[in-house]
Amino acid sequence: MEVDRIRDAATILRQAKRVVVFTGAGISAESGVPTFRDALTGLWERFDAQALATPQAFADDPALVWGWYEWRRTQLLRVRPNPGHDAVAALAGLVPTLTVITQNVDDLHERAGSVDPLHLHGSLFAPRCSVCAAPAIVESSTVTSPESSPSSSPAPSPGSSSTAGVADEGRRITPPSCERCGGAVRPGVVWFGEALPEDALETAVLAASECDVLLTVGTSGLVYPAAEIPRVAARFGAAVIQVNPQATPLDTLAVVNLHQSAAQALPALVEALQS
Ligand code: APR
């Protein structure tokens, strides 16, 4: 029974001094942010998200990749944290120490009130120069308005970096130039084949190795090195609790598996902790 499992998870959490919440795309799914492995839709349906999220893709076609990330950033401005994010923020007030580690590049944990979540895969809101790495401030005006109807815009010629038109294959936007060196500004996210931000990774590994309980939420546990985080916690003796409607490789690691969505399971867990 799911109710019993929530109660078991609450009992484990009640005894914990240090808790880590480790989140993936699943926690933002109920806010309307597609998970990385969902097929792309609309303008981007011909593309594979994993093929766009590489340094090679940016080198080959910076305007296509920048356009995709700007589109994602615009989508995010329209969605809100869901009860799953809210419950993670509330959990901070119910346990002595809470560290939030996320693989998500959205800002929904922050907007729900979690303080300084560690972004292992970077952030859509921290672009930087692809040459000198200087942080860049990007005005939202560089984002082509998604409200503008594709049919009312002239289609750009193949390879065009026009911001005005919409190509069949997606919306290209020329990346801005770095104010310091003139290089192309790139999204502040970690692409496939790139190293994770050292500081965030070190802090995350330390928190995982020192925690009593790790709550893993909405992650497939397939993408390394981030997927090591729950495994490190378990190796150092933490109890792992998992929230995921689907089976994952972390099922066998977890002492409690809550096969529910994050927006169902996490508020129920917070409520059980408060009672
Ligand atoms: N609540 C909880 N979990 C959910 C929900 C939900 N409402 N909806 C989907 N899930 C689960 C899915 O069952 C799946 O296991 O979320 C997981 C999402 O898996 P992925 O798409 O693989 O996302 P994630 O684990 O975050 O991927 C890790 O890989 O693609 C890269 O950089 C990208 O940060 C991402 C990383």
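**A parallel sheet, a covered helix and a lined pocket**

Strand β1 (residues 18-23) is largely enclosed by the rest of the structure, because five of its six residues are buried. Buried here means under 20% relative accessible area, exposed means over 50%, and partly exposed lies in between (1.4 Å probe, protein chains only). Strands (E, at least two residues) and helices (H or I, at least four) are DSSP runs, numbered from the N terminus. The model is predicted: local features need pLDDT of at least 70, side-chain atom pairs count only at pLDDT 80 or more, and totals for chains, interfaces and linings use all residues. Residues are numbered from 1 along each chain as its sequence is written, and side-chain values use heavy atoms, with hydrogens and water left out.

The chain holds 10 helices and eight strands. Of its 275 residues, 50% count as buried. Among contacts in the chain with a separation of 6 or more, 70% are between residues 24 or more positions apart. Contact means heavy atoms within 4.5 Å.

Six strands form an open sheet with parallel pairing, in the order β3-β2-β1-β6-β7-β8. The edges are β3 (118-119) and β8 (256-258); each has a single partner strand, so one side of each is left without a neighbour in the sheet. Two strands pair if DSSP finds at least two bridges between them. Strand β1 is joined to β2 (residues 97-102) by six bridges, and the two run parallel. Threonine 23 has threonine 102 of β2 as its bridge partner. Five bridges link β1 to β6 (residues 213-217), again in the parallel sense. Here valine 21 stands opposite leucine 215 of β6.

Helix α5 (residues 62-77) has 16 residues, which should span 22 Å at 1.5 Å a residue; its end C-alpha atoms lie 23 Å apart, which agrees. The expected span is 1.5 Å times one less than the number of residues. The helix is mostly covered, with 12 of its 16 residues buried. Among the buried residues are Trp66, Trp68, Tyr69, Glu70, Arg72 and Arg73. Their cover includes α3 (49-52), α4 (55-60), α7 (108-112) and β5 (185-186).

Proline 55 lies in helix α4. At 34% relative accessibility, proline 55 counts as partly exposed. Beyond its neighbours within four places in sequence, proline 55 contacts Trp191, Phe192 and Glu194. Proline 55 and tryptophan 191 are 136 residues apart along the chain, yet their C-alpha atoms are separated by 6.5 Å.

The second largest pocket has a volume of about 190 Å³. A pocket is an open set of points on a 1 Å grid over the protein atoms alone, where a 1.4 Å probe fits, with protein on both sides within 12 Å along at least five of seven lines; lining residues have an atom within 4 Å of a point. The volume is the space filled by probe spheres set on the points, which are joined across faces, edges and corners. The lining includes Cys129, Pro135, Cys178, Glu179, Arg180 and Val185. By class, the lining has nine nonpolar, one polar and two charged residues. Ala, Val, Leu, Ile, Met, Phe, Trp, Tyr, Cys and Pro count as nonpolar, Asp, Glu, Lys and Arg as charged, and the others, Gly among them, as polar.

Proline 135 sits in the loop between β4 (128-129) and β5. At 75% relative accessibility, proline 135 counts as exposed. Its contacts, leaving aside neighbours within four places in sequence, are with Pro127 and Arg128.
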